[in-house]
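Biologist: Please take one part of this model and go through it closely. I would like to know where it sits and what it touches.

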Amino acid sequence: MPRTVRVLWEFDKAGAEWVVVAYAAGDAQMIKVCENPRLSPHVHTGSLISGAPYDLIEKEDAICGKITDPVELEERRRDQLPELLNGAYFVPRIFTIRQAGKKSNHGLNYGMQYRRFALENEMDESDAKKICEGYSQKASPNLPVWWDGIKTSLRKDRTLINCFGRKRRFLDQWGPDLFMEAYAFIPQSTIVDIFNLGIPRIYDERSKPFRSIKIKNQVHDSLVVQTDIRCDRGGYREAAAAAHKIAHHYLNPLLEYGGRQFRIRTDMKMGTHLGDGLHKVGLTDDEDQTARAIENTIGEILSERQQAA
């Protein structure tokens, strides 16, 4: 009798809000990254903000990583990457250029001003201003146009509607706080609605590959389910069929903003407990490849169990 392993699957929408902003704003630079899997969003944004080429940014990231001590950062740059400091590039004082791109991608789509960005990242306002201006003027130049369009809609009836038809009225005092909340509504509500519509369909699925699947948790842009996998060829193929249906069908609707249609990639991880113990599973369009990836991951999980015993 083949062994059965009980595991957790986590399905995560990759860079979900950023992708929605790209298409809702119709920003060519952001859409370019979304449609080219070879481009790293954080490196690309960092390059546009700083003027530094990809290879230098990637070298700096490998050398400095997440270091935020300005003294140590400068020492490493001078000793191991002097060409970065000798070029006519903007180099942040307290983190790498890739980290500047990452913090921009995560924090500047909803109108955050440079003083707040400086406060939240514990950095000089002069550097924060260069990053914020570089993001909205060079990395994502259509963002201000999108923000103005949202303000126009608010002036009309204070109502915004996402691509699923969900409406929201904004009745707070007119000003920056209201604007930031409104900018965030379209991307954040879109992601939540993907899961709110997809999860009931997963729950109602009665096909054989779904018999052991139980929904365990949802956190904004991710879903966790529990499933039992039979450790033989047929069991791995059933698991792959279920994973594909969840990732590529139930959690992958065709979205549209401004006449631009798009989907948001779903990533998958697997393990016996949440957190750092989850293993990334390569989800492709080929179920056979996914079945092999699941089999390999099960092998890693069982090996870890034996080592811990």
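Modeller: A polar contact is a pair of N or O atoms within 3.5 Å, where, within protein, one must be able to donate a hydrogen and the other to accept it. The model is predicted. The part to look at is E205, found in the loop between α11 (176–204) and β4 (214–219). The side chain of E205 makes a polar contact of 3.2 Å with the side chain of K245. Apart from neighbours within four places in sequence, E205 is in contact with F210, K245 and Y250. E205 counts as buried because its relative accessible area is 13%, and buried means under 20%.

E122 lies in the loop between α8 (114–121) and α9 (125–139). With a relative accessibility of 71%, E122 is exposed, since exposed means over 50%. R158 is in the loop between α10 (143–157) and β2 (159–161). R158 is partly exposed, because its relative accessibility is 22% and that class runs between the buried and exposed limits. Most residues other than glycine have a negative phi. E122, which is not a glycine, has a positive phi of about 55°. The phi of R158, also a residue other than glycine, is positive too, near 60°.

Note on methods
Residues are numbered from 1 along each chain as its sequence is written. This is a predicted model: local features need pLDDT of at least 70, side-chain atom pairs count only at pLDDT 80 or more; totals for chains, interfaces and linings use all residues. Side-chain values use heavy atoms; hydrogens and water are left out. Helices (H or I, at least four residues) and strands (E, at least two) are DSSP runs, numbered from the N terminus. Buried means under 20% relative accessible area, exposed over 50%, partly exposed in between (1.4 Å probe, protein chains only). Contact means heavy atoms within 4.5 Å.
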